[in-house]
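Hi,

Here is the structure I promised to pass on. Have a look at it first, and then read my notes below.

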Amino acid sequence: MNELFRKAPFFLDDKAIEWVNKTFAELSLEQKVGQLFNLIVRANSAEELSLIETIQPGAVTKFVGQDLDTEVTMMNQLRSHSAVPLLVSGDLEGGGMSFPFGAQVPNQLGLAGLKDESAVEYCTQVIAQEAKLLGINWSFTPVVDINAKFRSAVVGTRSYGSDVDLIETMGCSNITTFQKNGIAATAKHWPGEGFDDRDQHLVTTVNPLTMPEWQERYGRLYRSAIESNVMSIMSAHIALPEYVKAHENNPEEWWRPASVSKLLNEQLLRDELGFNGLIVSDASVMAGLSSWAKREDVVAEIIENGCDMLLFCKDPLEDFAYMLKAVREGRVSENRLEQSVMRILAMKAALGLQHEQPEISVDKFNALLASDYADKIPELNRRTVHLVKIAMIFCQLILLNKNGYW
């Protein structure tokens with residue numbers, strides 16, 4: 001795989017490839033299996049640190065709380081508990097996902113309303129500066145879903161709307177800006193959400209488009225993301241039956257979630273679209289995936305069917321045991337294990353994580369907050385579209401009437 005890593009999206013040089021190969025060779029089987037996991041860290045607890053110490057995951061997803069000091073302390077502890085440098089991911093989407101103690105950046109739909117690519121670049125730069133100082137190096141953005149069904153619980157205000165031209169322009173700007181700042185970007189949710197207003201947390205959703213329709217919309221968006229050298233793509237619990245029907249006679253397989261679909265991950269995304277980066281599953285605890293098969297089988301199928309990393313666990317120790325058993329039994333092949341771990345290490349090398357990382361400190365973050373790095377954010381927020389809740393207006397009208405003003 002060495003020659004693949006010299007190309008997009010990683011562009012590794014000889015020294016970086018040497019580090020990938022040496023690190024892979026020195027990992028035990030258990031450590032290789034650990035690299036396949038992206039564990040959630042939310043509580044900043046001793047129990048979470050113990051899991052990191054035991055499983056040695058390739059990545060963690062950090063949900064950032066209210067207190068900066070606590071977050072900095074935890075991030076430094078996460079680093080010290082990891083033998084191989086950690087990928088640290090987050091939903092850096094702005095809006096309600098903005099850091100509580102940082103700039104409150106507009107969400108993707110708000111930015112789409114401005115129709116201003118420079119605003120996307122500016123806001124992404126602001127988020128990237130904050131994220132880097134918190135030790136986050138992997139963003140689960142951009143959301144390149146199409147908000148065709150406005151009631152979609154997954155898309156909502158998280159995408160750049162329903163205009164494919166706008167989604168393409170702004171999505172590529174998000175990718176380029178994050179990765180220019182040393183943070184891997186992720187296009188999601190493969191193979192494309194937004195035409196089904198159900199929720200992947202509850203059921204496998206369906207992309208109902210014909211393949212010509214899909215190519216005009218999602219195919220175009222993912223090709224553009226790949227041409228922008230996006231380092232990762234998130235494979236979601238979404239079926240694409242019109243593609244699978246052309247390759248599979250079993251009707252049950254037509255509705256298989258992409259996160260466990262070899263056809264969608266390896267054939268369509270890798271072979272046909274040419275993606276060479278890291279494929280991460282969407283959260284594996286969602287019912288859109290967990291309802292598909294037994295947990296033991298789901299854990300193995302995520303990797304064997306083309307994803308390189310499993311996101312979130314029902315029970316991390318149990319899932320690790322399931323994965324290790326699947327590898328030993330050959331249900332996760334030696335080839336897939338090697339491909340996945342090597343890609344994970346390659347992305348770490350592309351981000352320079354093999355080198356000594358800058359100290360994470362409260363003082364550095366406070367120095368950023370004291371600068372004018374986000375001075376345009378209040379004006380951008382003022383210009384974005386705002387939701388006014390009708391119930392609140394109704395209550396105000398009742399009060400006005402009661403007081404004799406109406």
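The cavity count comes to 3 of 30 Å³ or more. Here a cavity is a set of points on a 1 Å grid over the protein atoms alone where a 1.4 Å probe fits but cannot get out; points are joined across faces, edges and corners, and a volume is the space filled by probe spheres set on them.

Bear in mind that this is a predicted model, where local features need pLDDT of at least 70, side-chain atom pairs count only at pLDDT 80 or more, and totals for chains, interfaces and linings use all residues. Residues are numbered from 1 along each chain as its sequence is written, and side-chain values use heavy atoms, without hydrogens and water.

The largest cavity holds about 80 Å³ of space. It is lined by 13 residues (an atom within 4 Å of a point), and the closest to its centre are Glu 93, Leu 111, Thr 124, Ile 127 and Asn 174. Helix H7 (117-133) gives the most to this lining, with 4 residues. Helices here are DSSP runs (H or I, at least four residues), numbered from the N terminus.

The second largest cavity has a volume of about 60 Å³. Among the residues that line the second largest cavity are Asp 91, Glu 93, Phe 99 and Ile 127.

Then there's helix H5 (residues 68-80). Leu 68, Glu 71, Val 72, Met 74, Met 75 and Leu 78 are buried in H5, meaning under 20% relative accessible area with a 1.4 Å probe, protein chains only. They fall within an arc of 165 degrees down the axis (by directions from the axis to the C-beta atoms), so they line one face of H5.

Cheers

Terms used. On a 1 Å grid over the protein atoms alone, a cavity is a set of points where a 1.4 Å probe fits but cannot get out, and a pocket is an open set with protein on both sides within 12 Å along at least five of seven lines; lining residues have an atom within 4 Å of a point. Helices (H or I, at least four residues) and strands (E, at least two) are DSSP runs, numbered from the N terminus. The expected span of a helix is 1.5 Å times one less than its number of residues. Buried means under 20% relative accessible area, exposed over 50%, partly exposed in between (1.4 Å probe, protein chains only).
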